[in-house]
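Please look over the following structure with this briefing at hand. The points below are grouped by topic, so that each can be followed on the displayed model.

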Amino acid sequence: MTRYQEVFENNRKWVEENLKRDPDFFKRLATGQEPDFLFIGCADSRVPANEIMGLDPGDIFVHRNVANLVVNTDINAQSVIEYAVGHLNVDHIVVCGHYGCGGVAAAMQPADLGLLNGWLREIRDVYRLHQDELDAIPDEDTRYKRLIELNVREQCVNVIKTAVVQKTYFKTGHPIVHGWVYDIANGLLRDLEIPFEDILAEIRKIYDLEAP
Ligand code: CO
C-alpha cells in the first residue's frame, strides 16, 4: 500500500472506531457545529490543533497560516474571525505560536525571500516594535524564542483590534483572547497569560470600534 492509499485505509478505521465509541458521532456532527474555541495557529505540520488540545471534531474552529499571523488586510483570517465570533459565538480565541517556527526564523534573516517578503514583514515589524528588548538578548536561540512569544502577543493585539471582537465582547463578555506557545520538542502548551482586558483598554484609545 502506498502512503497515499494508506490515508483512505486510516480514514475507514477512524470512522469505525468513532462509531464503536459513539454510534451517533457523525449524525450529531452533521446537524451543525458549536465550537467553543477559535484556534489561530501556524501551518507547521507538527502543530495539529485538535490533537494537542485533546478535543474532538466540532470543538475547535481552526485557521492556520505561516507563523500564525492575523493581518488586517488578509480577507481569509478576517473572515474566519468574523464568522467564528459573529456567527458561531466562540468563547475563546487562541493565537498559538510554536518554538522552532520556520516563518519566524526566516523573518530574523535580513534577506530578500521573494514572495514571502510581504508576509514575513509582519514578523519583522514585530521585531521592530520590540527591538530594544530583543537586541538586549545576547543568545540567539533565546532571542528567537522571545520573538516567537512577542509575535503571538502582537497577533492577539491584532485580533483585539477587530470590530467584531470588541462589539461582541462588550455585549456578551466573550470572546476572551489568549496567547499560547506550543513546544514541539516536548509537546507542551504554555499559556502566555496575555492581559486581554488591559490590552483592550489600551488599544481602545486608538482602535475603539465598539461605539456605534
Ligand atoms: Co511555524
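In this predicted model, the centres of domain 1 and domain 2, taken over C-alpha atoms, are separated by 30 Å. The domain assignment of the protein places residues 1–32 in domain 1 and residues 33–203 in domain 2.

**The interface of the two domains**

- Five residues of domain 1 make contact with five residues of domain 2, and the area buried between domain 1 and domain 2 comes to about 330 Å², with carbon and sulfur atoms giving 65% of that area.
- Of the area that domain 1 buries against domain 2, 76% is supplied by F25, L29 and G32, which is more than any other three residues supply.
- On the side of domain 1 that touches domain 2, helix 1 (3–21) and helix 2 (25–30) each supply at least two residues.
- Sorted by class, that side of domain 1 has three nonpolar residues, one polar residue and one charged residue.

**Helix 9 and its surroundings**

- Which residues of helix 9 are buried? In this helix, which covers residues 163–172, the buried residues are V164, V165, Q166, T168 and Y169.
- After helix 9 comes G173, a residue whose phi is positive, near 85°.

**Salt bridges in helix 6**

- A search of the whole structure finds 14 salt bridges, and one of them joins the side chains of R121 and D125, with a distance of 3.7 Å from N to O.
- R121 and D125 are separated by about one helical turn, because they are four residues apart in helix 6 (residues 117–129).
- The side chain of D125 also meets that of R128 in a salt bridge, at 4.0 Å from N to O.
- R128 and D125 are three residues apart in helix 6, so they too are separated by about one helical turn.
- Are the residues of these pairs buried or exposed? R121 is exposed, with a relative accessible area of 51%, and R128 counts as exposed at 60% relative accessibility, whereas D125 counts as partly exposed at 24%.

**Salt bridges elsewhere**

- In helix 8, K145 and D141 lie four residues apart, about one turn of the helix, and their side chains meet in a salt bridge at 3.8 Å from N to O.
- K145 counts as partly exposed, with 34% relative accessibility, and D141 also counts as partly exposed, with 42% relative accessibility.
- Which residues are linked in a network of salt bridges? The network links E133, R146, E149 and R190.

Definitions and conventions
Residues numbered from 1 in each chain as written. Predicted model: local features only at pLDDT ≥ 70, side-chain atom pairs only at ≥ 80, totals over all residues. Heavy atoms only, no water. Domains from an automatic or database assignment. Contact = heavy atoms within 4.5 Å. Buried area = accessible area lost by both parts, 1.4 Å probe. Nonpolar A, V, L, I, M, F, W, Y, C, P; charged D, E, K, R; others polar. Buried < 20%, exposed > 50% of the residue type's maximum accessible area, 1.4 Å probe, protein only.
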